[in-house]
Amino acid sequence: MSSARPQFSGAAGMVRIVMLDAPTPQTVWEGEGGSGFRYPGNAPKLQTGVPYRVEADGRSAVFSIDPGAKGAGGTVVLR
């Protein structure tokens, strides 16, 4: 994912972003999602190269931020 503020497809209802690169998974941000939800600009900055999991409405996806990624786009699809 090349964008530091990813957009999430399928992130309806309550959304939780969890940092996986910690001794225990740690919630970074939690709030209301919606259609075409984008990670808020006022939320804690997502760190480059760190794996995160987004969870919403029983769906999830794992992603990381890599500004140099080609073709990675900025949308994470929850399944």
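Trainee: Where is Glu55 placed in this predicted model?

Mentor: Glu55 sits in strand S5.

Trainee: What makes the link between the side chains of Glu55 and Arg16 a polar contact?

Mentor: Set the distance against the cut-off. The side chains of Glu55 and Arg16 come to 2.7 Å. A polar contact needs a pair of N or O atoms within 3.5 Å, one able to donate a hydrogen and the other to accept it. The pair therefore counts as a polar contact.

Trainee: Which side chain does a polar contact of 2.6 Å join to Glu55?

Mentor: That of Arg53.

Trainee: Which residues does Glu55 touch, not counting those up to four places away in sequence?

Mentor: Met14, Val15, Arg16, Val18, Ser60 and Leu78.

Trainee: Now Asp57. Why is Asp57 called exposed?

Mentor: Exposed means over 50% relative accessible area. Asp57 has 63%, so Asp57 counts as exposed.

Trainee: Where does Asp57 lie, and what is its phi?

Mentor: Asp57 lies in the loop between strand S5 (52-56) and strand S6 (59-63). Its phi is near 50°, a positive value in a residue other than glycine.

Trainee: And Phe8: why does it count as buried?

Mentor: Buried means under 20%. Phe8 is at 0% relative accessibility, so Phe8 counts as buried. Phe8 belongs to strand S1 (residues 7-9).

Trainee: What is Phe8 in contact with, leaving aside neighbours within four places in sequence?

Mentor: Its partners are Ile17, Gly36, Phe37, Tyr39, Val54, Phe63, Val76 and Leu78.

Trainee: How far apart are Phe8 and Leu78 in sequence and in space?

Mentor: They are 70 residues apart in sequence. C-alpha to C-alpha, Phe8 and Leu78 are 7.2 Å apart.

How values were computed
Residues numbered from 1 in each chain as written. Predicted model: local features only at pLDDT ≥ 70, side-chain atom pairs only at ≥ 80, totals over all residues. Heavy atoms only, no water. Helix = DSSP H or I, 4+ residues; strand = E, 2+ residues; numbered from the N terminus. Buried < 20%, exposed > 50% of the residue type's maximum accessible area, 1.4 Å probe, protein only. Contact = heavy atoms within 4.5 Å.
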